[in-house]
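Here are my notes on this model, point by point. Please read them with the structure open.

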Amino acid sequence: KLAKNVQEAVVSTQSTGRIRCARNLSFFPLNTCGTKESRLEIADLMEGVFGTLSGDLAGKFYRHTSMTEDEIKELVDKHFLFRGKDRMQAASGYHADWPHGRGIFVSKDEKFLMWLNEGDHLRIISMEQGGDIPSVFDRLGRGAAAVEEGLKKVTGRDEVYMSHPVLGMITCCPTNLGTGMRGSVHIIIPKLIKKIGFEGIDKVARSMNCQARGSTGEHSEVIDRVDISNWRRLGYPEYDLVEDMIKCVNVISQMEDEIEA
């Protein structure tokens with residue numbers, strides 16, 4: 001369990017708290033070497049797994065190939081949907097046979113999501129508005145455990161994820177090896193951005209084992225808010241990494257508050 005949370009002062013400057021983890025199925029190739037058929041098989045398998053989820057984790061699975069225009073617009077407007085347009089991912093083979101075998105699962109309360117075959121086979125996501133990071137972390141843990149149990153039940157396998165005794169969870173991107181987990185908070189800090197710039201904010205974050213990203217995530221433009229997340233993945237337990245992020249967010253929020261308007 002987490003020993004810390006973001007300060008109350010952060011809540012008013014925070015748009016969303018989000019924690020996600022990447023997982024790959026041990027009986028399919030990584031998507032950099034995957035085929036249209038392997039991606040479709042994963043989608044079919046996971047549709048059955050989604051049916052095993054219950055309570056606040058239960059929801060609906062949307063396939064990219066069968067979503068209506070209204071569904072696409074709604075999911076895009078809510079910043080839930082991935083679109084397969086990242087040129088760096090495309091160069092690695094992630095987007096081969098797009099959009100076949102891709103999809104997104106969304107819980108009824110829209111706080112638990114899963115991306116299917118975006119890059120890794122599974123991207124398990126917990127998110128919510130406000131500053132209750134322990135709640136986000138708890139939901140991720142419950143969700144990840146429920147998905148793993150569902151996979152074991154549907155496949156009859158004792159182990160379902162690619163892993164290594166030293167490297168931890170195996171992921172498409174080497175930076176995610178280990179826990180495969182990234183916790184992030186979007187904080188609105190226009191005064192700090194103006195005073196020290198994105199590079200200055202990232203320097204502060206790096207000194208605290210975190211990193212800064214643009215207003216809508218990696219490689220995006222910086223406007224009035226910054227995404228702060230842990231950059232360590234390997235060699236540390238998940239709660240340590242989330243607490244890295246919480247500490248950094250609190251420091252950067254305090255820096256914003258100390259700047260005179």
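1. Start with glutamate 128. Its side chain makes a polar contact with the side chain of serine 135, at 3.1 Å. Keep in mind that this is a predicted model.

2. Where does glutamate 128 sit? The residue belongs to strand β5, which covers residues 122–128. Is glutamate 128 buried or exposed? Its relative accessible area is 11%. The cut-off for buried is under 20%, so glutamate 128 counts as buried.

3. Now the surroundings of glutamate 128. Leaving out residues up to four places away in sequence, glutamate 128 touches Thr16, Gly17, Lys111, Ser135, Val136 and Arg139.

4. Next, a helix pair. Helix α2 (residues 36–50) packs against helix α5 (residues 133–155). The angle is about 110°, and the axes are 9 Å apart. Angles of 65 to 115 degrees count as roughly perpendicular, so that is the label for α2 and α5. Their crossing is right-handed.

5. Which residues make the contact between α2 and α5? From α2 come Leu45, Met46, Gly48 and Val49. From α5 come Val147, Gly150, Leu151, Val154 and Thr155. By class, six are nonpolar and three are polar, with no charged residues.

6. Last, threonine 68. This residue lies in the loop between β2 (59–63) and α3 (69–77). Threonine 68 is partly exposed, at 41% relative accessible area.

Conventions. Residues numbered from 1 in each chain as written. Predicted model: local features only at pLDDT ≥ 70, side-chain atom pairs only at ≥ 80, totals over all residues. Heavy atoms only, no water. Axes fitted to C-alpha atoms, helices over the stretch in contact; angles between N-to-C directions. Helix = DSSP H or I, 4+ residues; strand = E, 2+ residues; numbered from the N terminus. Parallel < 35°, antiparallel > 145°, perpendicular 65-115°, else oblique. Left-handed = near helix turned anticlockwise from the far one by under 90°. Contact = heavy atoms within 4.5 Å. Nonpolar A, V, L, I, M, F, W, Y, C, P; charged D, E, K, R; others polar. Buried < 20%, exposed > 50% of the residue type's maximum accessible area, 1.4 Å probe, protein only. Polar contact = N/O pair within 3.5 Å; in protein donor to acceptor, adjacent residues only side chain to side chain.
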